[in-house]
Structure formats: structure tokens, C-alpha cells
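I opened this notebook to record what I looked up in one structure. The entries follow in the order of the look-ups.

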Amino acid sequence: MAAAFLSTANPFFPSSLSPSTSSSSSSSLGLALVHLNNQNVQRRRTLCKAFNESPLPTPVLTKRGIALCFITSLVLAAGNGNAIAAILEADDDEELLEKVKQDRKKRLERQGVISSSSKEKGYLQDLVYKLSQIGQAIDNNDLTAASSVLGGSTDKEWLKNANVAFNKLSYSPEEKTQIETFNSSLASLISSVTKNDVESSKVAFVESASAFEKWTTLTGLTGQLKGL
């Protein structure tokens, strides 16, 4: 938005095991596969025993233990070690699922607040128009026109209204940080315009417009405001 305001070989067969090798090589390969299969059987028995044994006097066989033993056996038969690690992280997956549910709940609550905040969205739309006017004036090095929109202080009604909307629609620390950056940069912009400093005015404008753009992205308002 700130830029818009301110026009600036076969992987499965090694050569020694390719389908074109002699029958003696095929025989050796078959023996090797039998040996690997016997090793996998032994590993499955060991893992199942580890899952089902308990340090208590009376062994406790849980549903999770049964499931892990069964799935691990299947994984070992396929020779997929990475999948074993994924299975052993099942508890972490449950925590992640719960976090996803909570995040979705917060998004739905946020959408409800935004949908019922037509007045605040009107304040923000006015802010977009004001920033567009200021940006065009600064781009043309017309600080007099920029000053007529900004005024000499942060007490302008449109800026107060924008902060009302900011405060109502901001939840996370990241969103509040962007509000602080916007207000600080806008104060610097007003000061630079008052001093008739074109270059400093351009820098301050880009910083304030960028902070506002990031805030709208964080809050999900980007698609609901024209001109962004």
C-alpha cells in the first residue's frame, strides 16, 4: 500500500542392483531381502514388547500401546523410519490440533466483531483516503497540500477516530505494536511537513503507511477497505 500511495538417473535402482544384472546378482539380492525381512520381524517383536511391558508389578496394556505396536509393526514392514518418529509424536499432534481449534475459534470471534463494527470500518476507510491524499501531495513535493490534510498536530478528528477503531479491533501484541509505529511515524510526518523537509516527510510517510498496511493484514481487514 505504501508503494501505491507514494509512486515509487533411476533413483530406486543403484547400478549394482539394476534390473539388467545377471541371475547371480538377482539371487544375492533375494537372499539379502530375506535377511532384512528377518531383521524387521525381530525389531517388531522387540518394539511390541517394549510398548506393552510396564514397570509396575502388573503389566498395563493401553489402547494407545496396542495402536502404537500395531502401527509400528506396519511401518517397520515398510522400512519407513521417519514414520515411526511421527507416530511417537502423537501427543504433540494432539496439542497442535487443540491449538488449531483455539485459533479458529478466535478467528471466528474476530470476524464477528469486524462484521458488527461498521462505524469503525468507516473511520478506517476515511484514514485510507486521507493517507492517499497526503501521499500524492508528498510525491509531488507539495507539502502545503499535505499540511492542509495533516494539520499541525495529532488532534485531527479523523486521526482520533482511526485510533478508536484501532483500539477496538486490535487484540494481539503484534497488532498493537503496529498501531504504536503508525502513530509515532505519523507524528514524525507532521513534524517534517511543518519544517518543509521533503525527504524526511517521504520517509515518515512510508513508515506510517507500511505500519497501517501490516495492521490491516494482521486483523484481516485488508479486503474490506478500498484503496489498500
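**Helix 10: burial and span**

I listed the buried residues of helix 10 and found Ser-201, Ala-204, Phe-205, Ser-208, Ala-209, Ala-211, Phe-212, Trp-215, Thr-216 and Thr-219. Viewed down the axis of helix 10, these buried residues fall within an arc of 155°, so they line one face of the helix. I note that the model is a predicted one.

I then turned to the other side of helix 10, where Glu-199 and Thr-217 are exposed. For the span, I took the 22 residues of helix 10, which reach 32 Å from the first C-alpha to the last. That value is close to the 32 Å expected at 1.5 Å a residue.

**Helix 8 against helix 10**

I looked up how helix 8 (residues 157-169) packs with helix 10 (residues 198-219): the angle is about 35° and the axes are 11 Å apart. The crossing of the two helices is left-handed. On the helix 8 side, I recorded Ala-165, Phe-166 and Leu-169 as making the contact; on the helix 10 side, Phe-212, Trp-215 and Thr-219. By class, the residues of this contact are five nonpolar, one polar and no charged.

**Ala-137**

Is Ala-137 buried or exposed? Its relative accessibility is 8%, which is under the 20% cut-off, so Ala-137 counts as buried. I placed Ala-137 in helix 6 (residues 118-139). Leaving out residues up to four places away in sequence, Ala-137 touches Asp-142, Ala-145 and Ala-146. I also checked Val-149, which is twelve residues from Ala-137 in sequence and 9.6 Å from it in space, C-alpha to C-alpha.

Terms used. Residues numbered from 1 in each chain as written. Predicted model: local features only at pLDDT ≥ 70, side-chain atom pairs only at ≥ 80, totals over all residues. Heavy atoms only, no water. Axes fitted to C-alpha atoms, helices over the stretch in contact; angles between N-to-C directions. Helix = DSSP H or I, 4+ residues; strand = E, 2+ residues; numbered from the N terminus. Left-handed = near helix turned anticlockwise from the far one by under 90°. Contact = heavy atoms within 4.5 Å. Nonpolar A, V, L, I, M, F, W, Y, C, P; charged D, E, K, R; others polar. Buried < 20%, exposed > 50% of the residue type's maximum accessible area, 1.4 Å probe, protein only. Expected span 1.5 Å × (residues − 1). Arc of directions from axis to C-beta.
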